[in-house]
Amino acid sequence: MKPMLIPTVGETIRCIRDSLADVIAPQLSTQTLRSSMGSAIQLLHYVEWRVEDEGQMLYDEMKYLRGLFAEILAFADKRHDMATLAAAIRQTLDTKRDPDVYPSLKILAGEVGQMRQHVCEALLLVQATGDTESERLRESLHRYTGWQIVQEEKLMTAAFRGRGPRR
Amino acid sequence: MELLKRPLSEYIVHRFGKGAELISETRFTRGSSRVTWFVDYRPSPGAAVRSVVFRSDLKGGSTISSSLEQEHFMYERLGRTNVPVAKVICWDDDPEWVARPLFIREKLEGSWELPDFVNPDPKFDEYRIQISKEHLDKLALIHTVDWKALGFDERLKAPDSREDCAHNFINTIMAPFWEFQVEPVPMVQIGIDWLKKRAPIAPRISLCKGTNGLGEEVFNNHKIVAMSDWEEASIGDPAADFASLQNFIPEINKDGKNIWGIEKALAYYRDISGIPLVNENVQYYFIVRALNTIVYGQKAATVIHKGLADIRQGWTGTEVAFLGKRLLASMIGVTPAMDSSWFAELNETIS
């Protein structure tokens, strides 16, 4: 399959970044200017990686969170103090995306943000109790949080590491 | 200068009198929390050149949560102690002249750069220990300031007791976070719970500086002449300052024996300050520090979100914000340990 709309967004960003690094940066006369340019070039690397990888990352996280929510709901349905959270999670899971609207990164990030908010609320509730069952759920919430950070680390490593000073 | 509404040369005359002349202006590139400009001027024809520092918030707001007014207050109040600090010259929020509030302080002769200190050659070992002790002497001075008598608690929230220090510190750094937060961060929730359940008792309730060490203090002839960057000052456990101490407690071994490091530095500090601080408290505050890194990383992200960010905030709100989460997760066992060489990369400076 041949891609369309060549150059891609990522390729265009790379072109801009290369010009800044190879043509403009060497001409800058003060450390202040070179430092700002260095930060800008680093951030263009970051944007390039996000353009390529963020959509799939968000989809992967939604999939993980749907599984975690099943676990939270199984726990919450046995407890009165979690009824509000359980209702909110069900509402989130039942919400259907408009099939005529392109699921942009902004829309996906909004959905994941809503789901993470439920995680924060679940954490607060299990942190306030200490029985075995809530401890098991706490472990699951921690496991998700660790998993999410490691996923994000892959993108951050690709974007920032080994590329020299940032400032 | 972007902090002013009129040319700096005119402002120099306005501020320092007719005949005052601008010599040079340079923006300090490393700082990312606020804007710092170094300005040289001649007060009158033929007079010696004077150097001053302009401090202000970044255009879209500061990366750290404390206010510029608080930082100004710290310098003004510290001027009444024997802690070496640059003298404050003025506060200026006159809309006729300034684009946003700023304050001016003296710039003392000296440098934050100590090239021999970071040189690993063993011939510099004694020198490095000497610098380390000089810094500890000054930290002890700060930690034994009578903060209540001098009214530091008019601005900094003091804990109720030694037992309350950690909770007070965490509540203080988190209070603005809950106000500006734009996205939920489960790691923050986990970190606060973990830390509050393990809060140590402080050995003393002290005035604390916040970020300190290499890059923050001004040296002249191997002595500290000014302690700078008080934006993260607090009242609480002095261990917090050891956890924010940059580079100045190097681990030095000679002939297979440790001749300097955290335990020896703490023993030295206990002797000169009389404060029975132990390493367990310092290790605890390293974890609090990671939580605080998330806070200021998220603050920078908020400024980017609003649309007036400095490019440095672009970096703080992305890589640094992530590293705060990653470090905290690593420290309390939510993820595997992280690669510590990442932090060495962060400290590299463009020449």
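Start with burial in chain A: of its 167 residues, 22% count as buried. Keep in mind that this is a predicted model.

**Stop 1: chain A as a whole**

Select chain A and colour by secondary structure. You will find five helices and zero strands. Along the sequence, the pattern reads α-α-α-α-α. The radius of gyration is 21 Å, well over the 15 Å that the globule rule gives for 167 residues, so chain A is more spread out than a compact globule. The C-alpha atoms fill a box of roughly 65 × 40 × 25 Å. Next, consider the contacts in chain A between residues at least 6 apart in sequence. Of these, 72% join residues at least 24 apart.

**Stop 2: a helix pair in chain A**

Select residues 105-127 of chain A, helix α4, and residues 132-160 of chain A, helix α5. Two packed helices are described by the angle between their axes and the distance between the axes. Here the angle is about 145°, and the axes of α4(A) and α5(A) are 10 Å apart. The crossing of α4(A) past α5(A) is left-handed.

Now show side chains. Which residues of α4(A) meet α5(A)? They are Val119(A), Ala122(A), Leu123(A) and Val126(A). Facing them from α5(A) are Ser134(A), Leu137(A), Arg138(A), Leu141(A) and Tyr144(A). By class, this contact of α4(A) with α5(A) has seven nonpolar, one polar and one charged residues.

**Stop 3: where the chains touch**

Bring chain B into view. The contact takes 33 residues from chain A and 29 residues from chain B. Which elements give two or more residues to the chain B side? Select α5 (186-196), α9 (311-331) and α10 (341-346) of chain B. The largest share of that side, 10 residues, comes from α9(B). Colour the chain B side by residue class: 12 are nonpolar, seven polar and 10 charged.

**Stop 4: Trp342(B)**

Stay in chain B and pick Trp342(B), which sits in helix α10 of chain B. Leave aside residues up to four places away in sequence, and Trp342(B) touches Arg161(A) and Leu323(B). Then draw a distance from Trp342(B) to Lys59(B). The two are 283 residues apart in sequence, and 29 Å apart in space, C-alpha to C-alpha.

**Stop 5: the sheet of chain B**

Select the strands β1 to β5 of chain B. They form an open sheet of five strands in the order β1-β2-β3-β5-β4, with antiparallel pairing. Strands β1 (21-27) and β4 (88-92) of chain B stand at the edges. Each has a single partner strand, so one side of each is left without a neighbour in the sheet. On average, neighbouring strands of this sheet are turned by 20° against each other, direction ignored.

Zoom in on β3 (residues 50-56) and β5 (residues 102-106) of chain B. This pair runs in the antiparallel sense over five bridges. Pick Arg55(B): its bridge partner in β5(B) is Phe103(B).

**Stop 6: the helix across the sheet**

Finish with residues 68-78 of chain B, helix α2. This helix lies across β3, β4 and β5 of chain B. Relative to β4(B), α2 of chain B runs at about 155°.

Note on methods
Residues numbered from 1 in each chain as written. Chains lettered and ligands numbered in written order. Predicted model: local features only at pLDDT ≥ 70, side-chain atom pairs only at ≥ 80, totals over all residues. Axes fitted to C-alpha atoms, helices over the stretch in contact; angles between N-to-C directions. Helix = DSSP H or I, 4+ residues; strand = E, 2+ residues; numbered from the N terminus. Left-handed = near helix turned anticlockwise from the far one by under 90°. Contact = placed C-beta atoms within 7 Å. Nonpolar A, V, L, I, M, F, W, Y, C, P; charged D, E, K, R; others polar. Pairing = 2+ DSSP bridges. Rg over C-alpha atoms; globule rule 2.2 N^0.38 Å. Buried ≥ 20, exposed ≤ 12 C-beta atoms within 10 Å, placed from the backbone.
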